[in-house]
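Please read it alongside the sequence and the coordinates.

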Amino acid sequence: MFGKAKCRLCGDDVRLALRHLRDSHPEIYEREVKKMRMPEIMKKYFVE
């Protein structure tokens, strides 16, 4: 039902994008993600 997305920063295949950014890339999560909407996050940091 749900596919995986590939992180543009590290190349990992992830199912939960926000959790991945929070756990693996906390500096980006703190700086940018809290201000962005989900479609913007997916376009900028993940390849579907």
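The cover over the buried residues of α3 includes β1, α1, α2 and β3; buried means under 20% relative accessible area, exposed over 50% and partly exposed in between, with a 1.4 Å probe and protein chains only. The model is predicted, so local features need pLDDT of at least 70 and side-chain atom pairs count only at pLDDT 80 or more, while totals for chains, interfaces and linings use all residues. Residues are numbered from 1 along each chain as its sequence is written, and side-chain values use heavy atoms, with hydrogens and water left out. Helices (H or I, at least four residues) and strands (E, at least two) are DSSP runs numbered from the N terminus.

**Helix α3**
- The buried residues in α3 are I41, M42 and Y45.
- These residues lie on the same side of α3 because they cover an arc of only 100° around the axis, the arc being that of the directions from the helix axis to the C-beta atoms.
- Exposed residues P39 and K43 sit on the face of α3 turned away from its buried side.

**Helix α1**
- Helix α1 spans residues 17–24, and A17, H20 and L21 are buried in it.
- Their arc around the axis is only 95°, which puts them on the same side of α1.
- β1 (5–7), β2 (13–14), α2, α3 and β3 (46–47) pack against the buried residues of α1.

**Nonpolar core**
- A nonpolar core is a set of buried Ala, Val, Leu, Ile, Met, Phe, Trp, Tyr and Cys residues joined through side-chain atoms within 4.5 Å.
- The largest one has 12 residues: A5, C7, V14, A17, L21, I28, Y29, V33, I41, M42, Y45 and F46.
- At least two residues of this core come from each of β1, α1, α2 and α3.
- With three residues, α3 supplies the largest share.
- Beyond its neighbours within four places in sequence, C7 is in contact (heavy atoms within 4.5 Å) with D12, H20, H25, Y45 and F46.

**Loop between α2 and α3**
- V33 is located in this loop and is buried, with a relative accessible area of 5%.
- Residues up to four places away in sequence aside, V33 touches L18, L21, I28, I41 and Y45.
- E32 also lies in the loop, between α2 (26–31) and α3 (38–45).
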